[in-house]
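Subject: Structure handover

Hello,

Here is the structure for you to pick up. Please open it alongside this note.

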Amino acid sequence: VENKAGLLITRLNDAHFSVLCLSRTPCSLLMWAHYTLNHTGCVIGFDAANEFFAPGRMCTLGLQEVCYSSTRYVIPRNGFVGMTEQEMVEANDGYSLIKSEEWAYEQEMRLLAWPANANAKVLETPPLLLYDFPPEMVREIIFGVRMPPAIREKLVQIAGRKYPQAILRQAILDDEKFAIHFMPYADFKERELRLSRIRPVA
């Protein structure tokens with residue numbers, strides 16, 4: 001019964017909500033490993049104050065913080081029948097905005113968007129929807145430590161055309177600690193050029 005209820009809610013969510021998952025931090029080594037294909041991708045920093053994330057534009061609540069808890073939200077035995085409006089809000093928050101404490105390192109933010117506002121659908125099952133966003137909301141782009149140079153240069157060109165206001169940075173692993181730092185991309189390129197001049201020829 002529980003599995004059927006969970007499947008039903010998942011289907012209802014797919015029909016009525018799309019979920020955009022973001023993070024407050026670009027510094028998590030775990031997220032760089034998991035979500036950028038082991039540091040070969042990039043991180044895009046958005047302006048959280050942009051009206052794209054405001055309540056009522058993409059969805060009723062706007063951008064929301066995920067809460068982390070040791071206990072999960074439990075669907076009532078009677079389901080959602082007879083719930084007051086406030087109880088429905090609490091149920092939605094419990095199902096959509098609460099995760100295990102194990103995930104707290106992600107510092108996640110979520111935007112629940114209306115599928116009807118999507119500009120394109122990439123997949124049917126599970127549904128994968130794309131939404132246009134204002135180019136000016138892109139604040140920075142951080143290239144992964146292991147991003148192939150050819151792809152990085154293509155992204156630099158795209159950023160120059162579409163997101164000229166974005167600050168470009170290169171991720172650098174710390175030499176002594178399990179940590180990651182970000183260098184202005186222009187400085188990174190200059191350093192690479194200097195190193196190429198002093199490397200011995202095989």
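Predicted model: local features only at pLDDT ≥ 70, side-chain atom pairs only at ≥ 80, totals over all residues.

Overall form. The protein has five helices and eleven strands. Its C-alpha atoms fill a box of roughly 75 × 35 × 30 Å along the principal axes. The radius of gyration is 21 Å, whereas a compact globule of 202 residues would have one near 17 Å. Of the 202 residues, 27% count as buried. Take the contacts with a separation of 6 or more: 69% of them are between residues 24 or more positions apart.

Strand β6. This strand covers residues 108-113, and six of its six residues are buried. Glu108, Arg110 and Leu112 point one way. Met109, Leu111 and Ala113 point the other way. β6 has antiparallel pairings with β1 and β3:

- β1 (residues 18-23) is joined to β6 by six bridges. Ser23 has Glu108 as its bridge partner.
- β3 (residues 64-65) is joined to β6 by two bridges. Glu65 stands opposite Met109.

Helix α3. It has twelve residues, 85-96. At 1.5 Å a residue it should span 16 Å, and its end C-alpha atoms are 16 Å apart, so the two agree. Its buried residues are Ala91, Gly94 and Ser96.

Best regards

Definitions and conventions
Residues numbered from 1 in each chain as written. Heavy atoms only, no water. Helix = DSSP H or I, 4+ residues; strand = E, 2+ residues; numbered from the N terminus. Expected span 1.5 Å × (residues − 1). Buried < 20%, exposed > 50% of the residue type's maximum accessible area, 1.4 Å probe, protein only. Pairing = 2+ DSSP bridges. Rg over C-alpha atoms; globule rule 2.2 N^0.38 Å. Contact = heavy atoms within 4.5 Å.
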